[in-house]
Amino acid sequence: MTWRIVVISSRAKLDLRLNTLVVRGERSAKIHLGEIALLMIENTAVSLTAALIAELSKRKIKVVFCDEKCNPCCEAVPYYGSHDTSAKIKDQMKWRQETKLLLWSEIVAEKIRKQRDLLKLLDKAESAMLDSYIQQIRPGDTTNREGHAAKVYFNAIFGMDFTRTADSFINAALNYGYTVLLAAFNREIVANGYLTQLGLFHDNMFNYFNLSSDLMEPFRPLIDKTVLKMPLEQFEHQEKLQLLAVLNQSVYIDGKQHYVNNAIKYYCRSIFDALNNDDVGLLRFYRNEL
């Protein structure tokens, strides 16, 4: 089972030896590839061998590269995610619109439910308003309860002056954490043989990850809760490590305890089962002790 989140934050050379990631730099290290779920390259002075990149791709280890400000800017996506990718894409093209609309409604409801739970934990009166939004959701969320809930939710936890477009440490942390989640979902979608571009609700022609943007929605409050606990007088390396650690938090899914990183696998598979069988009842969400 993969579980390690490996972050390379200083100048180093990375290569492959005997199924092991070898790090040569200020500090040397060896990590077996079978343990790695995500490799985050924070420093632009890091070099990787072609052999290592190829093996990381074969093992479906997600690699995320950062820019000169140490913010994620791109990731490696393998050509082949599954042995039956062509068949899976044909299935994806045939997913019924009615099922996609119902599934999106369930995803939105679960996201708002988890936002409500966090507001209840914080003893915020706005949790009652989110409860009412859950009851008002229609197939495909045609009344945009998600958008209304988001405004109430963010203002409740970060203040009435907060907006997601502002240049602030809070938004920098949220964006970083959401990018980490997005990378994890990209990995699972591709590993299962599907296209990240074809979403259930998101349909932006410039978004390479429409489906990932859909599926990750109920997991966003995990990032929100972590950011809320940060003093955020700065947003540097240590704060980023806290957000990466969200993938190794424990949650419950289908009655069993898993790391978030593995819960994402089970959740994604339940999504694909629901879509391929036209049965929203197959969908499985995670549960956590807030």
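Predicted model: local features only at pLDDT ≥ 70, side-chain atom pairs only at ≥ 80, totals over all residues.
The secondary structure of the chain comes to 10 helices and 11 strands. Its radius of gyration is 19 Å, close to the 19 Å that the globule rule gives for 290 residues, so the chain is as compact as a globular protein of that length. Along the principal axes, the C-alpha trace spans about 55 × 50 × 40 Å.

Turning to burial and surface, 49% of the 290 residues count as buried, while the accessible surface of the chain comes to about 14,600 Å², with 50% of that area belonging to carbon and sulfur atoms.

The cysteines deserve a separate look. A disulfide is a covalent bond between the sulfur atoms of two cysteines, and the structure holds zero of them. Cys70 is in no disulfide, and the cysteine sulfur nearest to its own, that of Cys66, is 6.5 Å away. With a relative accessibility of 28%, Cys70 counts as partly exposed. For Cys74, the closest cysteine sulfur is that of Cys73, at 4.1 Å, which is too far for a bond, since a disulfide requires the two sulfur atoms to be within 2.5 Å. Cys74 is likewise partly exposed, its relative accessible area being 42%.

Note on methods
Residues numbered from 1 in each chain as written. Heavy atoms only, no water. Helix = DSSP H or I, 4+ residues; strand = E, 2+ residues; numbered from the N terminus. Rg over C-alpha atoms; globule rule 2.2 N^0.38 Å. Buried < 20%, exposed > 50% of the residue type's maximum accessible area, 1.4 Å probe, protein only. Areas by Shrake-Rupley, 256 points an atom, 1.4 Å probe, with all protein chains shown as cover.
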